[in-house]
Amino acid sequence: MNSFRLDTPKTKESSKDNLRLTTLLKTEITFGSIFNNRKKEDFYIELAVLLKAGIQLKDAIVLLEQNQKKQPVRDFFHNMSESLIAGQSLFEVLQENKAFTEYEYYSVKIGEETGSLPRIVTELGKFYAQKNIQRRNLINAMAYPLIILSTAVLVVVFMLRMVVPMFEDIFKQNGVELPAITRAIITCANFLKDYGGFIIVLTIMSLFLRKLLLKKLWFKVLADKMIQRIPFFGVFVTTVYLAQFTQAVSLLTSSKIAMLQSIQLVRRMIHFTPLNEALEYVEKQVLAGVSLHESMGQNKIFDNKMISLVRVAEETNQTAFIFERLSEQYAQEVQQKSKMIGTLIEPFIIIIIGLLVGIILIAMYLPMFKLSTVIG
């Protein structure tokens with residue numbers, strides 16, 4: 001298998017870097033709320049513009065600090081500029097901050113060593129721009145259907161709490177024999193009346209507990225695997241993470257980082273259990289001497305298109321180029337599927353709510369026909 005090697009002037013320094021990489025790969029990464037993905041996109045893009053304009057790195061960070069409106073972010077950049085003035089490299093500054101991943105600061109390290117820092121930060125800016133676009137696509141794909149679903153639930157709850165009890169009183173007063181469907185709807189209405197408050201409290205508690213449970217590995221694994229099995233939506237989420245994976249590998253390999261190290265770094269920054277497990281398996285297979293495309297071919301999460309192009313990349317030594325093309329294709333696929341999700345889910349929800357409302361109305365009006373016959 002063709003691979004890329006990280007060239008260093010001294011063997012001793014290379015050994016230190018490898019040891020440091022191994023240590024960092026065992027360290028859990030956390031993201032700070034002050035410097036989120038949106039901030040990272042702005043930071044890398046603006047820094048790239050300043051560096052390409054010929055401004056020194058220290059002066060560029062000072063300029064970025066002055067452009068910040070929020071004090072916590074200003075302090076963030078101020079500490080960064082102070083560290084640079086004290087003699088640290090940008091790689092060391094990012095490495096000491098938990099808001100940044102190994103993927104970022106090792107890419108920056110390569111940029112500083114090879115004199116290609118402007119290009120590296122430009123690519124990092126593109127990476128986070130694409131990642132934010134994918135996140136917005138995911139939110140947009142689910143926002144409108146969720147609004148419709150919430151409205152539908154409120155309509156059904158209103159009918160069960162307000163409309164059905166009125167009909168129930170009429171039926172009791174006239175002693176009408178109720179059909180099975182009507183008795184079932186009245187049972188649902190009484191259950192909602194008796195336990196409605198408990199259901200609301202349980203729902204609110206579930207929303208709060210969800211954030212806490214997502215920090216638990218077992219729950220995260222279970223949630224990711226359940227999401228992957230949801231028809232169509234699971235494929236969409238998987239495509240989003242594959243787009244991030246291919247884009248990250250493209251940047252790392254273009255920076256002359258070995259493919260195996262690239263997989264290790266990407267596995268630490270992508271938080272989707274099925275893909276993480278697949279990359280871990282690929283890493284073990286590559287270490288055992290199996291080619292990259294054969295290792296990927298043994299896992300269903302990687303489609304035939306990716307496997308075929310990875311094989312071409314190995315044979316032609318064009319890994320960065322091939323993964324860049326894959327990243328663009330998956331990004332386009334994410335946009336198309338996000339639009340399709342909204343198009344498919346909306347009529348489906350409308351049909352469901354129509355059926356529910358229709359069943360409730362039929363259940364209430366069937367006894368009314370009997371009642372009119374008795375009165376007549």
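# A tour of a helical chain

Of the 376 residues in this chain, 42% count as buried. The model is a predicted one. Colour the chain by secondary structure to begin: there are 15 helices and 0 strands. Among contacts in the chain with a separation of 6 or more, 68% are between residues 24 or more positions apart.

**Stop 1: helices 6 and 7**

Select residues 102-114, which are helix 6, and residues 117-174, which are helix 7. Two packed helices are described by the angle between their axes and the distance between the axes. Here the angle is about 155° and the axes are 7 Å apart. An angle over 145 degrees counts as roughly antiparallel, so helix 6 is roughly antiparallel to helix 7.

Now show the side chains where the two helices meet. Helix 6 contributes Tyr103, Glu104, Ser107, Val108, Gly111 and Glu112, and helix 7 contributes Leu117, Ile120, Leu124, Phe127 and Tyr128. By class, this contact of helix 6 with helix 7 has 7 nonpolar, 2 polar and 2 charged residues.

**Stop 2: aromatic rings**

Keep Phe127 and Tyr128 of helix 7 selected. How buried is each of them? Phe127 has a relative accessible area of 1%, and Tyr128 is at 1% relative accessibility; both count as buried because the limit for that is under 20%.

A pair of aromatic rings is described by the distance of the centres and the angle of the planes. The whole structure has 12 aromatic pairs. One of them joins Phe127 and Tyr128, with 5.1 Å from centre to centre and 90° between the planes, an edge-to-face arrangement.

**Stop 3**

Go to Phe232, in the loop between helix 9 (217-229) and helix 10. Most residues other than glycine have a negative phi. Phe232 is not a glycine, yet its phi is positive, about 65°. The relative accessibility of Phe232 is 32%, which counts as partly exposed.

Continue into helix 10 (residues 233-254) and select helix 11 (residues 259-269) with it. Their axes are 9 Å apart and pack at an angle of about 140°, which makes helix 10 oblique to helix 11. The crossing of these two helices is right-handed.

Which residues of helix 10 meet helix 11? They are Phe245, Ala248, Val249, Leu252 and Thr253, and their partners in helix 11 are Met259, Ser262, Leu265, Val266 and Met269. The contact of helix 10 with helix 11 divides into 8 nonpolar, 2 polar and no charged residues.

**Stop 4: Asn317 and helix 15**

Select Asn317, found in the loop between helix 14 (304-316) and helix 15 (319-375). Asn317 is not a glycine either, and has a positive phi of about 60°. With a relative accessibility of 41%, Asn317 counts as partly exposed.

Finish at Val357, which is in helix 15. Beyond its neighbours within four places in sequence, which residues does Val357 contact? Val357 is in contact with Val155 and Met159. Draw a line between the C-alpha atoms of Val357 and Met159: they are 8.2 Å apart in space, while the two residues are 198 residues apart in sequence.

Notes
Residues are numbered from 1 along each chain as its sequence is written. This is a predicted model: local features need pLDDT of at least 70, side-chain atom pairs count only at pLDDT 80 or more; totals for chains, interfaces and linings use all residues. Side-chain values use heavy atoms; hydrogens and water are left out. Axes are lines fitted to C-alpha atoms, for helices over the stretch in contact, and angles run from 0 to 180 degrees between N-to-C directions. Helices (H or I, at least four residues) and strands (E, at least two) are DSSP runs, numbered from the N terminus. Angles under 35 degrees count as roughly parallel, over 145 as roughly antiparallel, 65 to 115 as roughly perpendicular and the rest as oblique. A crossing is left-handed if the near helix is turned anticlockwise from the far one by less than a right angle, and right-handed if clockwise. Contact means heavy atoms within 4.5 Å. Ala, Val, Leu, Ile, Met, Phe, Trp, Tyr, Cys and Pro count as nonpolar, Asp, Glu, Lys and Arg as charged, and the others, Gly among them, as polar. Rings of Phe, Tyr and Trp (its six-membered ring) pair if their centres lie within 6.5 Å; planes under 30 degrees apart count as stacked, over 60 as edge-to-face and the rest as tilted. Buried means under 20% relative accessible area, exposed over 50%, partly exposed in between (1.4 Å probe, protein chains only).
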